[in-house]
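Look at the two chains shown here.

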Amino acid sequence: MTQEVAGRVVTGRVVTTRRAVNRNQPSIWAFRGALSRRAQIGIGVGTSVALLLIWEAVARSGLVNTTFLPSPTTVLGALLTMIQKQSLLWHAGVSTLRVWIAFTLAAVMAIPIGIMMSSYRVVGAALEPIIDFIRYLPVPALVPLSIIWFGVGENTKLYLLWLGTFFQLVLLVADDMRRVPQEYIEIAHTLGANTRQTLRDVAFRAMLPGLVDNLRITLGWCWTYLIIAEIVAADSGIGFVIWTARRYMKTPEVMAGVVVIGVIGLVTDQLLRALHRRAFRYL
Amino acid sequence: MTQAYLEFHGVTKRFGDLDVVAQPFDIAVARNEFVVFLGPSGCGKTTLMRMIGGLDTPSGGEISLEGTPVGGPDHRRGMVFQSYSSFPWLTVAENVLFGMRYRKDLTEREKLARRDHYLDLVGLYEFSNAYPNKVSGGMRQRVAIARTLAAGSDVMLMDEPFGALDAQRREKLQVELRAIQRRDAKTIVFVTHDVEEAVFLADRVIVFSKRPARIMADIDITERLGAERPLDLRDTPEFFQLRTAVLRLLREAAGDEAGDEK
C-alpha cells in the first residue's frame, strides 16, 4: 500500500498537466515525511482510545480474570471513590510536592556545578569520576543506606529523589555547556566581555534551551524514584496508596494510582513543552 | 604603506611539538589596509589571525597595534566567524546592539544611534526584529559585520566569513564588504583559501605555504587592479591574469595535492 501511494505521488509530480490530485497531499507514509499538528494529535488520541476500548472489551469478555486485569471503567470508578473517600488528591499533592522539592534542590545544585565542570577543566577532572560512579548506582540499592542515615522520615524520601536526579542532571548540564559553540564565547571576549559576563550573557543563554529540555526529562525520572521511596517508607503519597492497595489485592485501586501518576506526568510534561516553545521562539 | 599600524615582530607559534610557522613572522599592515591571508586549509593562517585578536598567544615574538603590544581580546579587534557568527536568541537589532554592551564610554542613546546606523549600512534595517534563524546565511554574516563595526573595532578579523554561502550571495557580500571597508576606513585581516575572493577583496594578498607556514608571496593587488572593486571587475583580463598567477602560487604553496583548491 505504501508503495502504491508513493508511486501515485511521483507520477503526479512528473505529469504536471494532469489533475492536481495528490500533488499537495503526500502520503502520510512518506519516509520521514511531514504530518500536520492536528493530524498528530488526532492520531495520538485515536490510538489511546482504541487501546482503552480493546482493554475494556477484553476485561468484559471474561477471557481474563478481572482481579488481575480490571476494565478501564472499573479503574475509573475506583479512582473516583478514592478521590472521595481516601483523599487521593491530597496524596497526589504530597507526592508532587516531594518531587518538586527534591528536584528543585537537585537542579539548584546541578546547574552551577555542571556549568563549572565544563567551564573549568580542573573542576570537571575532579568531579567527573565520582559523579560517574554514583550515577551508575541504582537508587533502590541505596535505600537501606539512606534509611540508616536519615531514618524513615521525609528526609529519606527527599534524599533518594535527590540522589536519583542530581547525578544524572549534573552531567547533562555539563554537556549542555560543553556544546555551546566556542565561537559564541570568543565573540563575547572580542566584544570586551569578562569571564563572568561571558558566562551570564552568552554561554548561559546559549545553553538554556538544552538545559530546560534536560530539566523536563529529569523531572520525569524523579517520579520513578518517588514511587520507590514511598513504597519503602511512607504513610502518605501516591506510592503509599498503591502499595497499600496491593496488600489487599485491590487491583483497580493500584491501577488508579498508576493512572494518577501518568496524568500528572503527562500534564507537567506538556506544560513544560509549551513553556519551552514560548520561551525559545527563536529556535 | 609606510606607517606600520598592525605589526608582527618575529612571531612564532607551537602547539605542543607542532610548529605552526616555519620561521619567525614579520608582517606589517598599514592602517585601513585590507589584507587577505591566503593559504591551503590547515596551514596556520587562522591561528595567525586569532593571535591578532588575542584569542591565541604567540609562542615567541610580539604583535603590536599602533606600537602597543596586544594582549587579550577586546572590542578594538573584532571577530567575524564563518558559522555561529550571530547569537540566535537575539534579534538582528539586538545582535548589533550587543556589540556595544560592554562599552561604558557610550550612552544608551549613542548606542541606539550606532545600532541603527550600522543596521542601515549593511542593509538590514527592515529586518531589525527578525531572529537570525529567519534570515538568510548572508544576512547573518552581515549582522556579524554590523555588530563588529558597531562595537567600534579598528581591526576587523574575518575567518572565512563567506565560506558557507552560495556563490551569488558570496559575490554580493564581497562587493558590499569592500565598499564598507572603503567608506568606513577599516583595517581588515581576512582569512580564506578562495583565490578569487582573495584577489577581489584585498589591497594585499599574503600567500602562505602549507604547514609549517612560510610566506610564499606578498602581492600588492591595489597597485595592479586599483582600489575600486565593482562586481564586473571579475570579468576583466587583468583580474583573470592576476587570479591565475595567484592560483599558481597557491598550488606551489600547497605542494602536490593542490588540485582541489579553488
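A contact here means heavy atoms within 4.5 Å. Among contacts in chain A between residues at least 6 apart in sequence, 69% join residues at least 24 apart. In chain B, 71% of the contacts with a separation of 6 or more come from residues 24 or more positions apart.

Some ground rules come next. This is a predicted model, where local features need pLDDT of at least 70, side-chain atom pairs count only at pLDDT 80 or more, and totals for chains, interfaces and linings use all residues. Residues are numbered from 1 along each chain as its sequence is written, chains are lettered from A and ligands numbered from 1 in the order in which they are written, and side-chain values use heavy atoms, with hydrogens and water left out.

Start with chain A. Chain A has eleven helices and zero strands. Helices (H or I, at least four residues) and strands (E, at least two) are DSSP runs, numbered from the N terminus. How does the radius of gyration of chain A stand against that of a compact globule, and what is the value for chain A? The radius is taken over C-alpha atoms, and the globule rule is 2.2 Å times the number of residues to the power 0.38. For 283 residues a compact globule would come near 19 Å, but chain A has 25 Å. The C-alpha trace of chain A spans about 65 × 65 × 30 Å along its principal axes.

Now the surface of chain A. Of its 283 residues, 37% count as buried. Buried means under 20% relative accessible area, exposed over 50%, and partly exposed in between (1.4 Å probe, protein chains only). Chain A exposes about 16,800 Å², and carbon and sulfur atoms supply 66% of it. Such areas come from the Shrake-Rupley method with a 1.4 Å probe; for residues, only the protein chains shown count as cover.

Chain B has eight helices and twelve strands. Its radius of gyration is 18 Å, which agrees with the value near 18 Å for a compact globule of 262 residues. The C-alpha atoms of chain B fill a box of roughly 50 × 40 × 35 Å along the principal axes. In chain B, 53% of the 262 residues count as buried. Chain B exposes about 11,400 Å², with 47% of it from carbon and sulfur atoms.

Next, the pockets. On a 1 Å grid over the protein atoms alone, a pocket is an open set of points where a 1.4 Å probe fits, with protein on both sides within 12 Å along at least five of seven lines; lining residues have an atom within 4 Å of a point. A volume is the space filled by probe spheres set on the points, which are joined across faces, edges and corners. The largest pocket holds about 500 Å³. It is lined by 17 residues, and the closest to its centre are S118(A), S119(A), Y120(A), M177(A) and Q182(A). α9(A) gives the most to this lining, with four residues.

The second largest pocket has a volume of about 250 Å³. Of its 15 lining residues, the closest to its centre are R179(A), P181(A), A206(A), M207(A) and P209(A). Here too α9(A) gives the most, with five residues.

Last, one residue. S86(B) sits in the loop between β8 (77-80) and α2 (92-98) of chain B. Is S86(B) buried or exposed? S86(B) is buried, because its relative accessible area is 5%. Leaving out residues up to four places away in sequence, S86(B) touches several residues, including Y184(A), N95(B) and R147(B).
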